[in-house]
Amino acid sequence: MKRLLVLVLLFTFLSTVLVLPAMAEDTKLSGKLVIWEHTPQFEEPGKAVIAAFKELHPDVEIDFQVKTSDQYYNLLATAFSAEEAPDLFWTNGTATTNMGAYAQQGLLMDLTDKVDVSLFSDTILKISTIDGKLYASPTAESGGRCAYYNKDIFAQLNLEIPKTFDEFEAMLATIHEAGILPISFAGSDAWTTLFFFEPVLAAMHLDYTESYLRGEHVAINDQRVADAMNKLIEWGEKGYLGVGYTGVSGSGAMLAFSKGEAAMSVDGTWNISTINNNNPDLNYGAFQIPTNDGVRPFVGTSSNGFSIYAHTKYPDLALAFLNYFASLEGQTIWVNTLDSIPATSKIVSENPVVNDITQFDVMTESWYNIMVQNAKEDEAPGTVWEEDQTKIFSGGITVEDFLNELQELVK
Amino acid sequence: MKRSRAYIGFIVPGFLIYTVFMIVPIVFAVYMSFFNWSGVGPMVPVGLANYRKLLFSSRESRIFFNALTNNFKYVGVVFLIITPLQIVFAYVLYIRIKAHKYIQFMLFLPYVISTSIIGFFATMVFDPNIGMLNNLLAAVGLPHLRGAWMGDPNMSFKIFVAIVIWAFIGNGMMIFNANMKEVSHDILEAARIDGAGELAMFFRVVLPQLGSSLNTVSTLSIIYALTMFDLPFLLGGVQGGVNNTLDFVQMVFYRRAFGGTYFGETSLGYGSAISVTVLVIIMACFLLLRALIYALERRQAGSI
Amino acid sequence: MTKRRAHKSISETRSAAVAKGIISVVLILYSFIAIYLIGNSILNAFKTKPDLIANTFGWPNAFVLENFRIVLVEDGFMRNLINSLLLVTMGTALLVAFSSTVSYGLSMYTFRGRGFLSNYFTIGLMFPIQLGILPLFIILKWLNLVNSLFGLALIYAANMSFSVVVFSRFFRGFEHALLEAARIDGANDFQSFIFLVIPIMKPVVFTVALLNFIMIWNDFYLPLVFLTNSANRTLTLGIYNYTADFLSNWNKVFAGVAVALAPIIVIYFFFSERIVTGLTTGSVKG
């Protein structure tokens, strides 16, 4: 522990030493930045990075505005049209079409060689780069999925972290028979469904995503994908996902887990600080659902950070902030305030749940990413997916029809 | 009626504000509906393609007409359930049942609570995991009755209607009640002397007098029904609830114009086409309603 | 004959009384839903975080004010409350002023194009305001009113179609003889509007003001779009941000709801009779 602390201090010191000379010429930075973030989950990390930046530059004023995700791009488009855009703002990078469209319209500053992104690997930088030009700083957070489990319930039922997928499935039955909710799951929310479905797909058929990563073509409506979706439906019918899971909202499912009312929840890794915040007393950990060969896959994606508005009034200040954000110091604050998975070994987390999650064997691709990256020109499979995903649970569409309609929109 | 130029002074200030902040956006929306435009960048003229897509492409038209059907389903509920209920409540308050002051106070109360709080209350009650309804059923020994509620395609619309009744019944109810209070006492006394009971009084004397309030309430309800957005948005999410059972045209417009939750494919041109289509439908409904009320009034006038 | 009828009427009265009693009891039970939901939220606002997690539907173990401190001080709900009051006051005042004069001009005078104008002013009833945000944003920017409560109040004022309909109904039944008398006394049209008409139309003004007060107070959509600065956020927008993501705001959401409900329930408690009668005047006649 002590060594860790020394390391962290050393890094902080080093990065300060490295960053300070670069800033020496403009230590008198001043002005006002407006920064937009898309969802409250990133409010605390954003505030923490800004607070640290303001300590270096006391004359700078920063208005950090957290929107709600359902309105975000709409507000941003409106702000662009009215030429009232924020100086820095989040986009989902290349994971959606928005950043590309903005770049094409000349609304984004080309950050190539202006922002030091040496912290990030080439894989991570893909999310912020279009045609070799950098349009945002990524974050050093690996947005992945994991199974959170309640240690008290596991101890009470003498359960251990499963070693194979069959063990995992058998465990669900045991918990269910004991009268406890095995998995708290929001069947009314497409995104929560995705964060549950993808690790199950990886555990059942790791070869699907792995062959995609090897450069082979995989179909969106592949039988293996259908298998994994049908598995979720089967668990739902068996009662493993709780009574009436089709009516549970994303917030409600996570809340039930943090209240200790469910043995597990399979969801995004960025929820740790929220769970801790809600119930600091919850005794919980996390694991990756294993394959039957005992491999623990981790479905993780890179996360994008902020872009700079091309017509900002304070370009130097915006660049200074983004350079700080992209620095080791900035990202250490960001990732550790969020309590999420660091995508680089240079950032060390002290959170035991984070360290649980990093115990995986392979990092693999997200099915959703495969779908979006291979979308046909002018088609938006993401929209159709979001509209129809939850209907597979409520009988509105069969898994087969659902996957076929998506396949039509993909190359 | 006067003939004087003074009306100009009365109308012009309001006319300017209304034109700038209401009519100009409408005209702009009609204009946008002929373009392919995401909200940033160049507007590509596409003629009637947006309208063709909405009305004839298989997926889009299915979603749109499903939502439109829900709007009209709700109009049906208004006339068959909500309005009769409002009249009945108004009448029981009118005949001063016990504790009528308290009951009036409580029935009307939810009307002043904001929709986002109503939506939150609904989550607190109906969420299958953390909501009080399933917890209560388990606690009183009826765990087999627990359900998905808003997540059950056979229940969601019914629950939605129940929430609407709970939250918004007060306004129309009090309009009917005020109308009843204006029924002449002489007529009531005459009926009472004839030995009419409360029920007979209601059907023979009070109900026929409610024409003007019925006009007001149905106009208000139809506007509400066809521009329905806030409550289903908060209850069923932007995707329109389980199997689109709580999808309404304004929500389809919203999804298409402004995108989904994280995906955010904004399409203001296509969204405008949806909105203009809805505007036309609402106008048609109004003309129809107006003609209907006019015909009814004519018949009533004829019968007296 | 008379005897039989009297007899029947007594039994009917008795069964009617029983039926009425049952209705009372049912409706009183029904009212507990509202009491419980509101009461539970207010009680939850006083719970500590662990208490709230373990015991969402019961009585608090202890009453603490921490949640209120966070909501009111850290998250600036006091500021939001003042913004809401400013916005609602300006919006309602502008709306009543514009819509009453427009309706008066439309209803009390005859001129060419009057029918067209009447229809013109009702189109707004059917238009979803969401679609107008982009042109509205551009217009507001052009007027230098983005991020201003006054700019938003103007948009609310322009949403006058419903109020124009209600006022017009009222004016249709107005006594023209009164105006004639005023004119003979030497008052011009504007003087008679202000000194004669407005005092008479107080109840309908109250109705329109109140309906719009509630509408503006409860609206979260337009503030979300037009008040992007956290310094001028409104109360309902603050609440919406909490409830839209109640997972991260679990301890704050109840205090937020309590703070938002308190003023409106207090007002309603003291003025409910007037509010209810006010709401209905003007909507019946016509």
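How do α2(A) and α14(A) run relative to each other? They are roughly antiparallel, a label given to angles over 145 degrees, with under 35 counting as roughly parallel, 65 to 115 as roughly perpendicular and the rest as oblique.

This is a predicted model, in which local features need pLDDT of at least 70, side-chain atom pairs count only at pLDDT 80 or more, and totals for chains, interfaces and linings use all residues. Residues are numbered from 1 along each chain as its sequence is written, while chains are lettered from A and ligands numbered from 1 in the order in which they are written.

**Helix pair in chain A**

- Helix α2 (residues 43-56) and helix α14 (residues 328-338) of chain A pack at about 150°, with axes 8 Å apart. Helices (H or I, at least four residues) and strands (E, at least two) are DSSP runs, numbered from the N terminus.
- Axes are lines fitted to C-alpha atoms, for helices over the stretch in contact, and angles run from 0 to 180 degrees between N-to-C directions.
- The crossing of α2(A) and α14(A) is right-handed. That term applies if the near helix is turned clockwise from the far one by less than a right angle, and left-handed if anticlockwise.
- From α2(A), the residues A:E44, A:P45, A:A48, A:V49 and A:A52 meet A:G330, A:I333, A:W334, A:T337 and A:L338 of α14(A). Contact requires C-beta atoms, placed from the backbone, within 7 Å.
- By class, this contact has 7 nonpolar, 2 polar and 1 charged residues. Ala, Val, Leu, Ile, Met, Phe, Trp, Tyr, Cys and Pro count as nonpolar, Asp, Glu, Lys and Arg as charged, and the others, Gly among them, as polar.

**Sheets and strands in chain A**

- An open sheet of 4 strands has the order β2-β1-β3-β11, with mixed pairing. Strands pair if DSSP finds at least two bridges between them.
- β2 (60-66) and β11 (306-308) of chain A are the edges; each has a single partner strand, so one side of each lacks a neighbour in the sheet.
- The twist averages 20° from one strand to the next.
- Strand β1 (residues 31-37) of chain A runs parallel to β2(A), joined by 7 bridges. A:E37 has A:V66 in β2(A) as its bridge partner.
- Helix α13 (residues 315-326) of chain A lies across β1, β2, β3 (88-90) and β11 of chain A, at about 160° to β11(A).
- Elsewhere, strand β6 (residues 138-150) of chain A pairs with β9(A) in the antiparallel sense over 4 bridges. A:A147 stands opposite A:F287 in β9(A).
- Side chains alternate along β9 (residues 284-287) of chain A. Buried means 20 or more other C-beta atoms within 10 Å of the residue's own, exposed 12 or fewer, and partly exposed in between, with C-beta atoms placed from the backbone.

**Chain B**

- Chain B has 13 helices and 2 strands. Its C-alpha atoms fill a box of roughly 75 × 75 × 35 Å along the principal axes.
- Of the 304 residues in chain B, 48% are buried.
- Among contacts in chain B between residues at least 6 apart in sequence, 63% join residues at least 24 apart.
- B:N134 lies in helix α6 (residues 132-139) of chain B. B:N134 is buried, with 24 other C-beta atoms within 10 Å.
- B:N134 touches A:V243, A:G244, B:P128 and B:R146, leaving aside residues up to four places away in sequence. The C-alpha atoms of B:N134 and B:L145 are 8.1 Å apart, at a separation of 11 residues along the chain.

**Interface of chains B and C**

- The contact takes 71 residues from chain B and 69 residues from chain C.
- On the chain B side, the largest share, 18 residues, comes from α1(B).
- That side has 44 nonpolar, 22 polar and 5 charged residues.

**Interface of chains C and A**

- Here chain C gives 20 residues and chain A gives 19 residues.
- Elements giving two or more residues to the chain C side are α2 (49-54), α6 (133-142), α12 (221-226) and α13 (235-244) of chain C. The largest share, 5 residues, is from α6(C).
- The chain C side divides into 13 nonpolar, 5 polar and 2 charged residues.
- In α6(C), 7 of the 10 residues are buried, so this helix is largely enclosed by the rest of the structure. The buried residues are C:I133, C:L134, C:P135, C:L136, C:F137, C:I139 and C:L140.
- C:N144, which follows α6(C), has a positive phi near 60°.

How values were computed
Two residues are in contact if their C-beta atoms, placed from the backbone, lie within 7 Å.
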